[in-house]
2 protein chains.
Amino acid sequence: MAQKPSIPKGTRDFTPAEMARRNYIFDTIREVFHLFGFQQIETPAMETLSTLMGKYGEEGDKLLFKILDSGDFLRGVDPKLIESADCPKLAAQLCEKGLRYDLTVPFARFVVMHRNELSFPFKRFQIQPVWRADRPQKGRYREFYQCDADVIGSDSLINEIELLQLIDKVFKRLHINITIKLNNRKILAGIAELIGEPDKIVDITVAIDKIDKIGLDNVKAELKERGISDEAIATITPVITLSGTNEERLAKLAELLATSEIGLKGVEELREVMSGTDALGLNAKLELDVSLARGLNYYTGTIIEVKAQDVEIGSITGGGRYDNLTGVFGLPGVSGVGISFGADRIYDVLNALNLYPEDIAGAAKVMFTNFGAAEAAKSLEAIKCLREAGIAAEIYPDAAKMKKQMGRADTLGIPYVAIIGETELQNGTITLKDMTTGNQEALTIEEVITKLK
Amino acid sequence: MAQKPSIPKGTRDFTPAEMARRNYIFDTIREVFHLFGFQQIETPAMETLSTLMGKYGEEGDKLLFKILDSGDFLRGVDPKLIESADCPKLAAQLCEKGLRYDLTVPFARFVVMHRNELSFPFKRFQIQPVWRADRPQKGRYREFYQCDADVIGSDSLINEIELLQLIDKVFKRLHINITIKLNNRKILAGIAELIGEPDKIVDITVAIDKIDKIGLDNVKAELKERGISDEAIATITPVITLSGTNEERLAKLAELLATSEIGLKGVEELREVMSGTDALGLNAKLELDVSLARGLNYYTGTIIEVKAQDVEIGSITGGGRYDNLTGVFGLPGVSGVGISFGADRIYDVLNALNLYPEDIAGAAKVMFTNFGAAEAAKSLEAIKCLREAGIAAEIYPDAAKMKKQMGRADTLGIPYVAIIGETELQNGTITLKDMTTGNQEALTIEEVITKLK
C-alpha cells in the first residue's frame, strides 16, 4: 500500500522559487557580514541536553526537541520513574541529545571549547536552522533559520556602531525601509533605582515593554498590579513617555535619572552610540525607545530592535550587549554584543512589498530544444561552450513535442530558448529565441555567448 | 558550578578556517549545479517516521535518529509494551518524527507532495546535512552533508551524459584528478541470467563488487559459498575480468552476453552514454567496471562512481538511475537519475593534496588600527567608503597595544593593515601596510580603494 506522505507540522518544504527568494536574503546578509569582517562558523544540529537545558527558562526546556538515545534506551532507566509517568524527568533519562534552540548557546559553548584557537575580539557569524517545539501558527515555525553576528571579547561601543551600520547596509540592499530602536539596559536599571525598587527591574521592564501594544494607562495598571506605588508610577511616567528628537530625549533622560549612577551610564553609552552612528550617516531612522526591553534577561547594555516601516509585523532583527555569555560553561568575563536577523519575517516583508529583484529565479539562462540524436549531440557541444563561458544552460532531455519543450522554458522562467534543428545543423547556426519578446535570430555560438553573457 | 561543555560524539564544530574550506567546496558544487540548470530545494531536517522507516533496510531503521514526542509522550503507550522493553517497537510509540537519513527519500516525498507545482523533467539539487546513528570512526560522522543532483521524469540517456559532464566540471574546478567508473545494472542482471540464476543477482553483485578489495580468487570462493556452481563461476569469470579499452570491453561484453536480452540492453545503454561523453570530451578518466554495484539495490540502469586518482580513499561521488523513486509514496512510473557528492571526503582529498586556493580565508581584506576616539571616528568613515566599494574592512574595536592589534591581522590572515594615527589625521591620509611584504605607503582613501579592489 502506498502511503500518502506528509511533513511534520510547523515544518516546510522550499520549492525552487521559494529557495531563490530565500537565497537572495541569505546571500545579502552573508555578503554584508563578510564586508564587515565577520567570519562564519557552524555548530552541529544536535547538542548534548546538558548544554541546552536550563538556558532558556522552564518554558524553553519544554520546547527543546529531544532525541531518543539509540539502541537499548531503557537500560539503566529507573522502573519507578517509568511508572511515575513523570515525562520531563523520564525524557532526561531517555535522551542525552537535543536539537539546538538558538545559535547563541551553541556559540557560547563553541567559544569555550575553542578558546585557544580563536583570536579575540572574535567576530563570528552563523546562519543555521534552529528548532522549537512551539505551537505552530501563522509566521511561527518549528524549524526556522537564524542569522546571527556577534563580537565577543571587546567592551568598545564601536562594536555597537558597527552593528548598526551593518543592519543599515543589509536593509538598504534589500530595499526595506526600517526604524532601528535603541535602548540600554542600564537605563532600565536606572528607572528601577529611581523609584527605589531595583529588585523589580524585570517586573517594570516587562510592563513598560508593552506600552506600544496596550497603551500607557494599561501599563500603569500593570505596574500597580506588580506592586509599584502610585508615587513611583508618577515618577517614571515622564521617563517612559519621552518625546522629541533623540537629542532631546537623551537630555531629558539625563535630567530625570540624575540621581542614578547606572542610569546616567546608560544615557552616556546611548549618546556615544547614537552620535557615532549619526556621524557616519544612516539610511534607517534611529529612535531612542526607553520601553524597549526585548524580553531577554541577558542583555546588560545596548538593546537593539528593528522594525519595517511599511509592513505591520513584529521586529525583523534584534540584539544587544551581554556581559557574561560563556560564564555558564566555565569561561567568565567574556562580554559581547550581537544581532540576529529574522530571515522568515524578512521573507514575509519582501513578499508583502514585492521587493525581489526580477532575475533571481535560479533557472538556466537558456534551454536548448531537442529534435533527436544528431541535433542533441550538436546542442550538447554548444552547451558545453556556454557553460565554459559561465552561462547556465540546459537541454530538454527528450525529443518531446515542441509545445511541451517550450512550455518547460516558460514555466521555469528561462529567458532564452536555443534551437538546433535540421536547418541549423546544416548552416552551423543556432536559432536563439527571446522568450520575453518572441524575437528569433540565427547566430553563431560566439554570438550566442556574447548575447547571453 | 560551571559545566565543562562537549558535543555529541560523531558531530563537529567548524571554525572559520574550516568553514572557508567547506564553503569553497559547496560554492563550487552549487555553481556547477546552476550552470547545468539544476534548481535548489530544501526539505525539513525532521520527517515523519512513516516517511523514513522501511526505506533503508532493517539496519537503516536502527540508524535513524528519532525525536521524542513533545509533552506527555507516554500517553496512549501500551504499558505492556513498556514492560516488554522492546525498544524498537516502543520507539515507534514514543516518537513520530526522525531526522533525515539521506536526501533521496525526502526528495521522493517532496516530488509526490508538490507534483502539481513542478515542471517535469524536474532537475533539482539539494545541499543539506543528514544524520545517521552510525558508530563514529575516522571519516564517518553522525552529521554530514550530502550534495545531490537528480533529474526525474525523463528516461533519456542524455541525462547521464549531462551528469558525467557535471561531475567532470566540479572536479576540474576543484583540481582533483578523478576516474569515473561506469556500469549498468542491466549488465549485472544479464550476468545472472547468463548462468541461469536470475534470482541470485543480489548475491552475485555483492560478491563481485568486492573484487578490488579481496581479489578474484576470494570472489570465486564467495560465489561458491552463495551457491553458484563451478560451471557458472567459470562462465562469468571472463565477464568480471574484462581488460582493454572501454570499446574492447563493450565489444567483449556484447559477445559474452549475446544470449541475454537485458544484458545486451545494458551494453547498448552503456555504449550510448560512453560515446556521447567521449564526443564532448572529458577531463576525467572514464572506465567501464562490471564489478561496480554500489550496494544500493534501487539502481536499475546506469551506475556511477568517482574515485580520486591521487589519494587512497573510498568513492567521493556516486549515483545512478532508478526506475521507481516515488512509487512507495503513491506516484508510480517516475524514473530518474542522480548523483551525490560526498563533501566530507572531498574535503579530505583537498586537504591531503593541499589544493585550496590561497585567498579563501574569509577574513576582511583590511583591518584599521585603533589609536583612540578621534582616529577611530576617521577610520570608520574610511571603512564605510571601502565597504561601499565592496571591500571587506574592519576596525580593531579597542585602542589596545599596537602589537596586539597587529597580531590580530596576522592571526586572521588579513592581508592589509590601515593606520590612521595623529599624522594621518593631520594629513588626511591613510598609511597602508602590506602584511606580506611589510611595505608601507601613505595613500588617500581613493588610492586605498583602487589598490584593494
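I began with Gly390(B), which sits in the loop between helix H15 (373-388) and strand E13 (393-395) of chain B. Helices (H or I, at least four residues) and strands (E, at least two) are DSSP runs, numbered from the N terminus. Gly390(B) is exposed, at a relative accessible area of 51%. My cut-offs are under 20% for buried and over 50% for exposed, with partly exposed in between (1.4 Å probe, protein chains only). From Gly390(B) to Lys365(B) I get 10 Å, C-alpha to C-alpha, across 25 residues of sequence.

I note that this is a predicted model, in which local features need pLDDT of at least 70 and side-chain atom pairs count only at pLDDT 80 or more, while totals for chains, interfaces and linings use all residues. Residues are numbered from 1 along each chain as its sequence is written, chains are lettered from A and ligands numbered from 1 in the order in which they are written, and side-chain values use heavy atoms, leaving out hydrogens and water. Chain A has a mean pLDDT of 93, with 99% of its residues at 70 or more; pLDDT is the predictor's confidence in each residue, from 0 to 100. I also read off ipTM 0.93 and pTM 0.94 for the model.

Next, salt bridges. I counted a side-chain nitrogen of Lys or Arg within 4 Å of a carboxyl oxygen of Asp or Glu, and the total over all chains is 56.

I looked up Lys181(A) and found its side chain in a salt bridge with Asp212(A), at 3.2 Å, N to O. This pair links distant parts of the chain, with Lys181(A) in strand E7 (residues 178-184) and Asp212(A) in helix H10 (residues 211-225) of chain A, 31 residues apart. Lys181(A) is buried at 11% relative accessible area, whereas Asp212(A) is exposed at 58%.

Lys285(A) and Glu287(A) also form a salt bridge, at 3.3 Å, N to O. I have Lys285(A) as partly exposed at 46% and Glu287(A) as buried at 18%.

A further salt bridge joins Glu381(A) to Lys378(A) at 3.5 Å, N to O. Both residues belong to helix H15 (residues 373-388) of chain A and stand three residues apart, about one turn of the helix. Glu381(A) is partly exposed at 38%, and Lys378(A) is partly exposed at 38%.

I also found Asp203(A), Lys210(A), Glu222(A) and Arg226(A) linked in a network of salt bridges.

Last, I checked Asp78(B), in the loop between strand E3 (66-68) and helix H4 (79-84) of chain B. Asp78(B) is partly exposed, with a relative accessible area of 40%.
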